Amino acid sequence: MKRTASWAALLALVGACREPPGVSAPATAAPLLEDVVARRRAEFGPGLESPADPGAPDAAAQELLAAVLGALTSADADFRALAAEDARGLSEAGIAALARVLGDAQRAPELRAAVAELLGRVASPVALDALVTSIESAEEPWLRAHCACALGLARQDSVLPRLVLRLKYEQDFATAFWIADAVARFEHLAGVD
């Protein structure tokens, strides 16, 4: 009988408590993750967002783009140097077309690696976005490593937040090394450990 009274008192106590003692429901809803991320990204300032799509290159830019791509695959170092000079003369649409070569798996790996290096030398917002996007989405670890190396040489710190985030989730050791190297060139030691 004594046990029955104890159990009844315990059940009455449990029934009266909807929440654990000392814990109350929050007065306001917690901020959404998207709001927090948007606020933090805004703190980094301009240059973090992807630039607008510049559209298709005109006929002159397409001709210059074909010349640049042809010179990049040359064995002659002078032709490759000329390709780098010509690439600086490309419009944003031409650079965007050049950047699409990075994602084209049908192209030769040597050409894609040369395009990554060239985009790092150009260092325009479209070129930098293409390199970071390739680091974030390319399936080939060697391409991600080439893009990270090119970003480190470009030294444009607007890409730093995206690089640090990618470094956190990179699975390939060699690629993580090159991303950490690029981040360290900005005097940010996130990848040292």
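Residues are numbered from 1 along each chain as its sequence is written, and side-chain values use heavy atoms, with hydrogens and water left out. Because the model is predicted, local features need pLDDT of at least 70 and side-chain atom pairs count only at pLDDT 80 or more, while totals for chains, interfaces and linings use all residues.

The protein has 10 helices and zero strands; helices (H or I, at least four residues) and strands (E, at least two) are DSSP runs, numbered from the N terminus. The order of elements from the N terminus is α-α-α-α-α-α-α-α-α-α. Of the 193 residues in the protein, 34% are buried, where buried means under 20% relative accessible area, exposed over 50%, and partly exposed in between (1.4 Å probe, protein chains only). Among contacts (heavy atoms within 4.5 Å) between residues at least 6 apart in sequence, 64% join residues at least 24 apart.

Helix α5 spans residues 92-100 and helix α6 spans residues 109-122. Their axes come within 9 Å and cross at roughly 150°, which means that α5 is roughly antiparallel to α6. Axes are lines fitted to C-alpha atoms, for helices over the stretch in contact, and angles run from 0 to 180 degrees between N-to-C directions. Angles under 35 degrees count as roughly parallel, over 145 as roughly antiparallel, 65 to 115 as roughly perpendicular and the rest as oblique. The crossing of α5 and α6 is left-handed; a crossing has this hand if the near helix is turned anticlockwise from the far one by less than a right angle, and is right-handed if clockwise. On the α5 side the contact involves Ile 95, Leu 98 and Ala 99, and on the α6 side Val 115, Leu 118, Leu 119 and Val 122. By class, this contact has seven nonpolar, no polar and no charged residues. Ala, Val, Leu, Ile, Met, Phe, Trp, Tyr, Cys and Pro count as nonpolar, Asp, Glu, Lys and Arg as charged, and the others, Gly among them, as polar. Helix α5 is mostly covered, with seven of its nine residues buried. These are Ala 93, Gly 94, Ile 95, Ala 96, Ala 97, Leu 98 and Ala 99.

Helix α4 (residues 77-88) also meets α6, with axes that come within 10 Å and cross at roughly 50°. Helix α4 is therefore oblique to α6, and the crossing is right-handed. Ala 83, Ala 84, Ala 87 and Arg 88 of α4 make the contact with Leu 118, Arg 121 and Val 122 of α6. The classes here are five nonpolar, no polar and two charged residues.

Ala 123 is found in the loop between α6 and α7. Its phi is near 55°, a positive value in a residue other than glycine. Most residues other than glycine have a negative phi. Ala 123 counts as buried because its relative accessible area is 19%.

Leu 131 lies in helix α7 (residues 125-137) and is buried, at 0% relative accessibility. Not counting residues up to four places away in sequence, Leu 131 touches Leu 102, Ala 116, Leu 119, Gly 120, Cys 147, Ala 150 and Leu 151. The C-alpha atoms of Leu 131 and Glu 117 are separated by 9.4 Å, with the two residues 14 apart along the chain.
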